[in-house]
Amino acid sequence: MEQQQLMERIQHLPFKFRSVLVLKYWHGCSQNEIAEILQLPVGTVKSRLHHALIKAREIVSQQPLSLGGDRS
């Protein structure tokens, strides 16, 4: 459930950030592979990953993911 919640929140990111995050962390692509897939320079991929992670952290920190169910 946590992965689904995270994916829903990432949908709020612009495509250029969302695409590199999904390729890197869901599909396990290297930066070089992402550059090939998206037809971008590797430096651009690195920059987008950096900025995407900052934005994703902001989104998650605004509304922490629920861990599912009460644990009291």
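Colleague: In what order do the elements of the protein run from the N terminus on?
Modeller: This is a predicted model, in which local features need pLDDT of at least 70 and side-chain atom pairs count only at pLDDT 80 or more, while totals for chains, interfaces and linings use all residues. Residues are numbered from 1 along each chain as its sequence is written, and side-chain values use heavy atoms, with hydrogens and water left out. Helices (DSSP runs of H or I, at least four residues) and strands (DSSP runs of E, at least two) are numbered from the N terminus, and the protein has four helices and zero strands. From the N terminus on, the elements run α-α-α-α.

Colleague: What percentage of the residues of the protein count as buried?
Modeller: A residue is buried under 20% relative accessible area, exposed over 50% and partly exposed in between, with a 1.4 Å probe and protein chains only. Of the 72 residues of the protein, the share that counts as buried is 26%.

Colleague: What share of the contacts with a separation of 6 or more comes from residues 24 or more positions apart?
Modeller: Contact here means heavy atoms within 4.5 Å. Among contacts in the protein with a separation of 6 or more, residues 24 or more positions apart account for 53%.

Colleague: How are helix 1 and helix 2 oriented to each other?
Modeller: Axes are lines fitted to C-alpha atoms, for helices over the stretch in contact, and angles run from 0 to 180 degrees between N-to-C directions. Angles under 35 degrees count as roughly parallel, over 145 as roughly antiparallel, 65 to 115 as roughly perpendicular and the rest as oblique. The axes of helix 1 and helix 2 come within 11 Å and cross at roughly 155°. The two helices, helix 1 and helix 2, are therefore roughly antiparallel.

Colleague: How do the residues of the contact of helix 1 with helix 2 divide by class?
Modeller: Helix 1 contributes Q3, L6, M7 and I10, and helix 2 contributes R18, V22 and W26. Ala, Val, Leu, Ile, Met, Phe, Trp, Tyr, Cys and Pro count as nonpolar, Asp, Glu, Lys and Arg as charged, and the others, Gly among them, as polar. The residues of this contact divide into five nonpolar, one polar and one charged.

Colleague: Against which helices do the buried residues of helix 1 pack?
Modeller: The buried residues of helix 1 are Q5, R9 and I10. They cover an arc, taken from the directions from the helix axis to the C-beta atoms, of only 135°, which puts them on the same side of helix 1. These buried residues pack against helix 2 and helix 4.

Colleague: How far apart are L6 and I59 in space, C-alpha to C-alpha?
Modeller: L6 is found in helix 1 (residues 2-10), and its relative accessibility of 26% makes it partly exposed. L6 and I59 are 53 residues apart in sequence, and their C-alpha separation in space is 9.4 Å.

Colleague: Which exposed residues does the face of helix 4 turned away from its buried side carry?
Modeller: The buried residues of helix 4 are V45, L49, A52 and A56. They cover an arc of only 75° around the axis, which puts them on the same side of helix 4. What covers these buried residues includes helix 2 (15-26) and helix 3. The face turned away from the buried side carries the exposed residues R57, S61 and Q62.

Colleague: Which residues does L53 touch, not counting those up to four places away in sequence?
Modeller: L53 is found in helix 4 and, at 25% relative accessibility, counts as partly exposed. The C-alpha atoms of L53 and F17, 36 residues apart along the chain, are separated by 8.4 Å. With residues up to four places away in sequence set aside, L53 touches L21 and Y25.

Colleague: What is the phi of Q39 near?
Modeller: Q39 is found in the loop between helix 3 (31-38) and helix 4 (42-62), and at 72% relative accessibility it counts as exposed. Most residues other than glycine have a negative phi. Q39 has a positive value, near 55°.
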